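Trainee: I'd like to learn how to read salt bridges and nonpolar clusters in a model. Can we walk through one together?

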Amino acid sequence: MEAKNFAIWDYVVFAALFFVSSGIGVFFAIKERKKATSREFLVGGRQMSFGPVALSLTASFMSAVTVLGTPSEVYRFGASFTVFFIAYLFVVILTSELFLPVFYRSGITSTYEYLQLRFNKPVRYAATVIYIVQTILYTGVVVYAPALALNQVTGFDLWGSVFATGIVCTFYCTLGGLKAVVWTDAFQMVVMFVGFLTVLIQGSTHAGGFHNVLEQSTNGSRLHIFDFDVDPLRRHTFWTITVGGTFTWLGIYGVNQSTIQRCISCKTEKHAKLALYFNLLGLWIILVCAVFSGLIMYSHFKDCDPWTSGIISAPDQLMPYFVMEIFATMPGLPGLFVACAFSGTLSTVAASINALATVTFEDFVKSCFPHLSDKLSTWISKGLCLLFGVMCTSMAVAASVLGGVVQASLSIHGMCGGPMLGLFSLGILFPFVNWKGALGGLLTGIILSFWVAIGAFIYPAPASKTWPLPLSTDQCIKSNVTATGSPVLSSRPAIADTWYSISYLYYSAVGCLGCIAAGVIISLLTGCQRGEDIQPLLIRPVCNLFCFWSKKYKTLCWCGVQHDSGTEQENLENGSAWKQGAESVLQNGLRRESLVHVPGYDPKDKSYNNMAFEITHF
């Protein structure tokens with residue numbers, strides 16, 4: 001395939017994205033220079049409002065893989081991706097009502113700090129190391145994969161885009177900290193939306209309007225959205241997306257450092273929850289844009305599929321190829337789409353760099369050197385941002401020589417996210433689970449999820465479970481592409497057509513449920529954790545989510561944790577001995593009228609703020 005090269009205006013538009021992103025970093029570096037503390041740098045002083053945080057959350061997890069991959073999925077497999085509407089809803093509700101209150105009220109900066117408070121240091125360090133490795137690997141692939149797709153279609157310089165992404169992200173993360181990351185993400189979210197909007201308008205115009213797009217998509221079986229087949233081996237059904245998708249995204253949203261770090265940077269818990277719910281709207285909007293882009297792309301290529309005809313070599317190249325065709329006579333707009341795709345990359349990489357610096361500083365540096373000055377802490381934090389920026393960019397370079405392993409690497413996020421979700425669920429939902437159960441559960445979840453994912457990579461699922469919908473090449477200009485015959489399948493073990501063939505969306509569910517089951521069993525065998533030894537602040541049994549449960553069952557689910565005994569002052573004093581007084585903002589189960597006396601609670605706003613940590617935490 002011959003690449004269609006960018007015009008000068010395309011490069012101008014693309015360069016503007018990098019220039020503005022860098023400018024935001026410089027702005028916050030100058031503006032916040034007198035507030036040179038690690039607290040300001042890593043969590044924005046815990047005084048962010050919900051608006052920019054919501055945009056940042058959406059942009060951070062809508063990477064270029066989403067911008068390029070989701071329309072391609074819809075083009076090949078149909079609009080069943082729309083069912084992610086339901087999965088996103090479940091994920092945001094569970095995150096805001098179950099996980100966020102525990103993290104926000106405990107006053108932590110690193111989510112893995114919670115694991116030490118609930119269990120012990122080995123559990124915390126094990127989880128932190130897993131997070132660091134999987135984030136560096138995933139971030140490298142997020143940088144390289146879209147750069148490769150765009151290079152092969154548009155002629156956009158591969159290594160220029162890779163190094164520009166790494167340098168710019170590292171630059172504004174190191175200079176401006178979390179505030180720069182959040183506000184840059186907000187800007188990049190707008191760029192992503194505008195980029196999608198131009199594709200939707202121009203693409204639908206080429207297709208003769210949305211009515212024609214929907215009619216042709218219906219004729220091509222692309223609008224068969226709800227498939228209620230319960231077969232877990234099917235790639236995308238209603239159940240694999242709602243159940244498996246919820247587990248996958250909950251691992252990313254509910255317990256991921258990058259998400260929680262933004263939420264706890266908000267000035268109050270109410271703002272943090274609003275950020276999550278407004279982020280839900282952003283996720284829905286991007287999902288709708290991506291799905292309709294895929295349908296418009298199908299309408300355009302319905303009689304000549306560039307993938308099966310050999311015009312392009314990979315499905316991820318479909319969207320860039322489509323953009324270059326519909327904007328062939330409109331210089332600057334292909335550059336806008338590339339800016340849209342790289343906005344997803346920049347926001348994801350920046351979020352990862354900032355989160356990696358935070359967990360490393362909080363979990364390792366502060367543990368070894370607890371009495372660092374504010375100035376030194378800030379410089380160390382900036383140094384960590386620089387270090388991880390270089391490591392993520394280097395990982396992108398390494399991804400270029402990994403070949404087929406890149407495809408496997410894209411599943412690492414889900415493979416590690418499931419066991420992590422299970423680990424935090426053990427700590428928050430099951431008060432009787434001890435540290436042995438937590439470590440054993442984490443190890444079991446990792447083994448199970450890696451087992452099924454690596455097995456699926458070696459023995460791909462049968463074509464009948466993953467075959468795309470019909471694609472036509474009837475009106476393609478015949479090229480000299482040599483047709484490849486069906487590959488000769490090597491002998492497959494029986495497990496390859498069952499366990500290894502389950503939908504990739506269930507990888508997280510396998511890891512999470514395996515971790516929880518093993519953790520509960522090991523804890524019961526080795527002796528349950530005494531409820532009296534656990535701070536009520538650290539758990540949130542399921543009964544808390546259901547107000548109609550009786551007091552008897554509620555007490556039973558708390559497993560001996562003293563959630564409603566003693567005075568608030570006694571609870572706060574006990575909390576001071578537990579973690580320097582900063583984390584004891586409230587106790588679950590306190591009477592509403594008594595919360596007026598609890599630091600950090602605003603009775604008028606009926607929410608919790610970060611003022612309780614102003615003096616004691618830094």
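Predicted model: local features only at pLDDT ≥ 70, side-chain atom pairs only at ≥ 80, totals over all residues.

Trainee: How far apart are the closest N and O atoms of Arg-235 and Glu-73?

Mentor: Side chains of opposite charge can pair when their charged atoms come close. Here the closest N and O atoms are 2.6 Å apart, and the two residues form a salt bridge (a side-chain nitrogen of Lys or Arg within 4 Å of a carboxyl oxygen of Asp or Glu). The pair links distant parts of the chain, 162 residues apart: Arg-235 sits in the loop between helix H9 (210-219) and helix H10 (238-253), and Glu-73 in helix H4 (residues 64-77). Helices are DSSP runs of H or I with at least four residues, numbered from the N terminus.

Trainee: How many salt bridges does the count come to, and which residues are linked in a network?

Mentor: The count is 11. Glu-97, Arg-105, Glu-269 and Lys-273 make up a network of them. Within it, Lys-273 pairs with Glu-97, the closest N and O atoms being 3.4 Å apart. Lys-273 lies in helix H12 (residues 269-301) and Glu-97 in helix H5 (residues 84-105), so this pair ties together parts 176 residues apart in sequence. Lys-273 is buried, at 18% relative accessible area, whereas Glu-97 is partly exposed, at 27%.

Trainee: Now the nonpolar side: which residues touch the most other members of the largest core?

Mentor: In soluble globular proteins, nonpolar side chains tend to be buried together. A nonpolar core is a set of buried Ala, Val, Leu, Ile, Met, Phe, Trp, Tyr and Cys residues joined through side-chain atoms within 4.5 Å. The largest one has 142 residues, and Phe-84, Phe-99, Tyr-114, Leu-115 and Tyr-253 touch the most other members. Apart from it lies another core, of 10 residues, including Met-415 and Val-510.

Trainee: Is Val-190 buried or partly exposed?

Mentor: Val-190 is partly exposed, with a relative accessible area of 46%. This residue is found in helix H8.

Methods:
Residues numbered from 1 in each chain as written. Heavy atoms only, no water. Buried < 20%, exposed > 50% of the residue type's maximum accessible area, 1.4 Å probe, protein only. Helix = DSSP H or I, 4+ residues; strand = E, 2+ residues; numbered from the N terminus.
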